[in-house]
Amino acid sequence: MLNKLSEATGNRLSVEELKQYQVFTEVPLVVNAEGGFMKADIVLLKASSDGEIIDVIVIENKLSKTTEFTARQKEGFYAIAKSKDGCEMTVHYTVKCEGVELSKGQTIKIGKDKIYRIHDHGESNGPIEIEKITDRIVNVKTH
Amino acid sequence: MLGSEIRKMVLRRLDAELKPLGWKAYKSGHNPAYVLDTRYYKVFFEMGFKEGWIGFFYLEMAIKDVETYITECLGPERIPGFSLTIDNKSIFRKTIKDRNFSNYNGGVVETVDDVNVVVEHFFDYFFGSTKKFVETNLYLPNIVRKMDEFTSLEIIWGDFEKGFLCGIYDSYLRALTISKLCNDPLYNEKLDYVELRCKIYEEKNYPHYKDFRRDFERMKEILPTIEPKYSMDSPNEEAEMEKIRAMVAKNFTPVSAPTEKPKKKAAKKFVPTPPEQVNQELLSLLNPERISKESRSLQKQLMDFFFGKKDNNASKEKTENAQLQKQTIEIVGCYLDASLRSHGFCNVHRNKNVFYYTRPTDVGNLIFSFTVGDNGRLCINPPSIRLDKVEEWMQKLFYPFKPGNFGCFGTFTLQLPKPLDELNDVVKASATDENIKQLCLATWQFIEDKFDDFAENYSSPQYLWERLCAYSKKSISWERLLFGVTPPERVLRGIVFIKLCNDNDFEDKFDYVETIFKKKANDFLPALEEIKSLLPEMKKEYEVCS
């Protein structure tokens, strides 16, 4: 999967770099500006050696390419996808992964080029496809 | 086990143990939290629950000697990097965190015993390691030593993955405050180090550090005013620690032995209520017009007049039936009325042959109902909760075999235990007094055993929603949980409820139901279409957290 993700980033992030990210699942996020709530299936998070969160990648896990986003996901991803300088979101309640936490109230910024959709056609061994979520994809599905 | 069931059990035990020690519980958020607020320090921890899982998060402590100066620097409301406003209840600035507390996980929790094992391990950790953590760090020179240790390992004190000081850039302000309070000989080195870090962040332009320079400059004005309270090489360190231990012990010594399991409720023995002491409200429903003596005699006169003169046989049969119904109601009254009332089911109603007790809740009525046929045959119905908002929307839909809008019908039902179902069948086959009494006795036991939990669980939309979701995961049909004359009607109820919960996966669930209806319940597709058209109007009514 990391190979595919690396390809999806246009090889800007190598597999080795991606391995340095913390993986959180089912992260509850609130769009700061609009207050909408969404739950991100997978959040990859990289902190600098200073401890600052410097990169956030959100991956939505869908059964197939045609599976629609939920209404909340549409709102959330649309807010990110249309943002110029990244979208500020707040962690709605504390989640953790391998001893590291994203605390309730913590703010993270998600860039519009950092949201992806993954699907495996419902087959655990099936081919994995990853594509970038754009405002067009979300918008088409919204209206 | 469902997350809500685990949550209830764990909180009950934590409440029993921690509240007497001065801890306050904050349970309204997604993750319940416990806070201890003392004169010198404040401790916070929170936990999360999911189906089969308990998770604890970092334990955090605010040391008031330190946070006073941080407040002077940052003001009373904001926490850098967080979009939370301090309320000084469960939201406040923290000084230091115990990451190991978070590593303590319950593993897979499937049974009541599993929950008890987790809670007991938790108490072991809490009254041992957590107590030690609080004691150690209340003596601030211990924190300075840890800071120096981290410096030598080149790990930042507030590091996201490994750090122990709380805060984003404010962790540096805490470090300097603590160093100053301890008369740390390495204070100036630490000040220089923070100055260096601040410059690095200015260059990197990290969003969460944008106010670092401004706040650091303000802190530099405050730091010289801080009077040292400790010394890094105090000869009295052990005596100081003793004082701290005594202070902490007050709030960290278990009232009961932590391994003590909750006691089982003593079995209650059934004693039928003597007929003369049974509340007459139920019986009066049999012939409401016979409540007053006058009307009773008038009724008798009319009965005599009509039945006596017109049709003696029909009259006789009716009188016999009424008598049988009355006998059954009297038995139900003796066996169940007092028990139901003691569980808060105090309102009694009747709809045709269905008699029902209700208990109001925030979201609707809890219902216990039974049917008494004309021949006195009793049938105990599954208890239920009628969610007012769901039923309001259900009334707007049209579908085959739609029942009337009667208060005796609930939204979610609790399945009757198998022995009760079997006794219902026995009475159906032979409605003797003896069989009816046996059915009532089993029902009494069911009420005594289950109604406390039934009332608590079924009044909670969170619980009901989790049950529905759990059923979906295990491919168990929702129908078993919901009321409806036909299976598709039950599914419609489920979909309406889920919409009113604002479930994030509503669309997926709706699509799934649509697919099933297309295959198996075409007659109900128009009702599903109606729901679709009503969706924009269906606002969130129930607060649930996934």
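This is a predicted model: local features need pLDDT of at least 70, side-chain atom pairs count only at pLDDT 80 or more; totals for chains, interfaces and linings use all residues.
**Chain A at a glance**

- Chain A has 4 helices and 9 strands.
- Reading from the N terminus, the elements go α-α-β-β-β-α-β-β-β-β-β-β-α.
- Chain A is 143 residues long, and 34% of them count as buried.
- Take the contacts in chain A with a separation of 6 or more: 56% of them link residues 24 or more positions apart.

**The sheet in chain A**

- An open sheet is built from 7 strands of chain A in the order S7-S4-S1-S2-S3-S8-S9, and its pairing is mixed.
- At the edges sit S7 and S9 (129–132) of chain A, each with a single partner strand, so each has one side left without a neighbour in the sheet.
- On average, neighbouring strands of this sheet are turned by 45° against each other, direction ignored.
- S7(A) pairs with strand S4 (residues 87–91) of chain A in the antiparallel sense, over 4 bridges.
- Within that pair, A:Thr90 stands opposite A:Thr107 of S7(A).
- Helix H3 (residues 71–81) of chain A packs on the sheet, touching S1 (22–31), S2 (37–47), S3 (53–62), S4, S7 and S8 (115–119) of chain A.
- The direction of H3(A) makes about 45° with that of S2(A).

**Where the chains meet**

- Chain B puts 30 residues into the contact and chain A puts in 22 residues.
- On the chain B side, helix H3 (99–103) and helix H18 (506–520) each supply at least two of the residues that touch chain A.
- By residue type, the side of chain B that touches chain A splits into 10 nonpolar, 13 polar and 7 charged.

**Helix H19 in chain B**

- Helix H19 of chain B covers residues 525–534, and its buried residues are B:Ala527, B:Leu528 and B:Ile531.
- Look down the axis of H19(B) and these buried residues fall within an arc of 100°, so they line one face of the helix.
- On the face of H19(B) turned away from the buried side you'll find the exposed residues B:Glu529, B:Lys532 and B:Ser533.
- The cover over the buried residues of H19(B) includes helix H17 (487–500) and H18 of chain B.

- Strands S8 (residues 347–351) and S9 (residues 354–360) of chain B run antiparallel and are joined by 5 bridges.
- B:Arg350 stands opposite B:Phe355 of S9(B).
- S8(B) and S9(B) form a hairpin with 2 residues between them, and B:Lys352 in the turn has a positive phi of about 55°.
- S9(B) also pairs in the antiparallel sense with strand S10 (residues 364–372) of chain B, over 7 bridges.
- Here B:Val354 stands opposite B:Thr371 of S10(B).
- The hairpin from S9(B) to S10(B) goes through 3 residues.

Notes
Residues are numbered from 1 along each chain as its sequence is written. Chains are lettered from A and ligands numbered from 1 in the order in which they are written. Two residues are in contact if their C-beta atoms, placed from the backbone, lie within 7 Å. Ala, Val, Leu, Ile, Met, Phe, Trp, Tyr, Cys and Pro count as nonpolar, Asp, Glu, Lys and Arg as charged, and the others, Gly among them, as polar. A residue is buried if 20 or more other C-beta atoms lie within 10 Å of its own, exposed if 12 or fewer, and partly exposed in between; C-beta atoms are placed from the backbone. The arc is that of the directions from the helix axis to the C-beta atoms. Two strands pair if DSSP finds at least two bridges between them. Axes are lines fitted to C-alpha atoms, for helices over the stretch in contact, and angles run from 0 to 180 degrees between N-to-C directions.
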